[in-house]
Amino acid sequence: MRIAVLRAAFTTLDRLSPALASRWALRIWCTLPSNSGRRQDNRPYPGRLSTVRLRDGREVAVETWLPVASDDNVPDRPVHAPAPPVHAPTPSVSTSGRPVYLVHGWGGWRGQLGAFVEPLLQAGYRVVAFDVPSHGDSSPSAIGRGRATALDFTDALAAVVAEHGEPGGIVAHSLGAATTVRTVRDGLGTPRMVFVAPSPDPIATLWKLQQALGYGPRTHERLLGRLERLAGRPLDDFNAFLVDSEDAVPPAMIAHDRQDKESPYQDGVRLARTWPDAELVTTSDLGHQRILLDESVLKLAVDYLTTTPAPPDPE
């Protein structure tokens, strides 16, 4: 019934005031989902918490885990140990291995990718996870609490990397994959990346919004314009499918499940074919969230990150 009411309202507004309809559609588009699956806590134990301040003063919550030399000289780790204060000092980048950054997706938080922490630590990496503005424990985004845009993802990743050091790798889930690609194409360097259940083109889902709400081309075009002004750049800049063989992007492993209901499996297949140097890992019956817990995916991802990329062919 709620969808029927919304469709009736948007049909009327689309005819009488597409500008107003586009503002309302923008608010809906930018509102984060609230389902509990995106708030799953898969961390083995709490890491050290700190914050990174964005240019406008907003704070991004960051969690860091340091690598272990061996199991023999490290005491058992508490599973439910209290975390340090959020404003604890940021760990020095010179005290441990290179960081691997964990980038969550739309409506998620840093704890979703927590299953990657232990195997990455055992591989000698420092692990850095963070919450995008309006997600998890971070400040609200520039457009308000409970709402965000892809720009919040790129800004947060760039700021956290600037504070915590050059990546030894990046693991990104869902929308976090597309926004990570944008940040890398903007100059962020990393030797390898892992995309889990990627959503390569976030703008493509605007067509689903249009179908659900029933507005027409006039509202749709105005909505695209509002989003472009918010982003401050062409919307196609966030389309990972537009990467081509001439782009200087690092190798990537793409793990995608055939039964993913949020990010279609064929998007992962297409991204793997588009990406200059990619490996596709296909799973079944894991969906969009449980793939983050699958032991085989975790192992393949860590093995992939720890493999030195082959040098480029000589000219």
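How many of the residues in the protein chain are buried? Of its 315 residues, buried ones make up 51%, where buried means under 20% relative accessible area, exposed over 50% and partly exposed in between, with a 1.4 Å probe and protein chains only. What you're looking at is a predicted model, so local features need pLDDT of at least 70 and side-chain atom pairs count only at pLDDT 80 or more, while totals for chains, interfaces and linings use all residues. Residues are numbered from 1 along each chain as its sequence is written, and side-chain values use heavy atoms, with hydrogens and water left out.

**The overall fold**

The chain has 9 helices and 8 strands; these are DSSP runs numbered from the N terminus, helices being H or I with at least four residues and strands E with at least two. Take the contacts (heavy atoms within 4.5 Å) with a separation of 6 or more: residues 24 or more positions apart account for 75% of them.

**The nonpolar cores**

A nonpolar core here is a set of buried Ala, Val, Leu, Ile, Met, Phe, Trp, Tyr and Cys residues joined through side-chain atoms within 4.5 Å. The largest one has 37 residues, and Phe130, Val160, Phe195 and Trp275 have the most contacts inside it. Helix α4 is the top contributor to this core, giving 6 residues. Apart from this core there's another of 29 residues, including Val100, Phe116, Val171 and Leu305.

Who does Trp275 touch, leaving aside neighbours within four places in sequence? Its contacts are Val181, Met193, Phe195, Val243, Val249, Pro250, Pro251 and Ala252.

Grid points are joined across faces, edges and corners, and a volume is the space filled by probe spheres set on the points.

The largest pocket holds about 1000 Å³ of space. It's lined by 36 residues, with Trp29, Trp106, Pro202, Thr205 and Lys208 the closest to its centre. Helices α2 (18-30), α4 (150-164), α6 (206-213), α7 (217-231) and α8 (265-274) each bring at least two residues to that lining.

There's also 1 cavity of 30 Å³ or more. Among the residues lining the largest cavity are Arg38, Trp106, His173 and His288.

Here's how the two linings split by class, counting Ala, Val, Leu, Ile, Met, Phe, Trp, Tyr, Cys and Pro as nonpolar, Asp, Glu, Lys and Arg as charged, and the others, Gly among them, as polar.

| Space | Lining by class |
|---|---|
| Largest pocket | 23 nonpolar, 7 polar and 6 charged residues |
| Largest cavity | 1 nonpolar, 7 polar and 1 charged residues |

**Salt bridges**

The count comes to 13 salt bridges, each a side-chain nitrogen of Lys or Arg within 4 Å of a carboxyl oxygen of Asp or Glu. Arg110 and Asp137 pair up at 3.1 Å, N to O. They sit 27 residues apart, Arg110 in the loop between β3 (99-103) and α3 (117-122), Asp137 in the loop between β4 (126-130) and α4. Arg110 is buried at 4% relative accessible area, whereas Asp137 is partly exposed at 47%.

Another pair, Arg233 and Asp186, has its closest N and O atoms 3.0 Å apart. Salt bridges that share partners also join Asp41, Arg43, Glu63, Arg110, Asp131 and Asp137 into one network.

Key. 1 Å grid on protein atoms, 1.4 Å probe; cavity = no way out; pocket = protein on both sides within 12 Å on 5 of 7 lines; lining within 4 Å.
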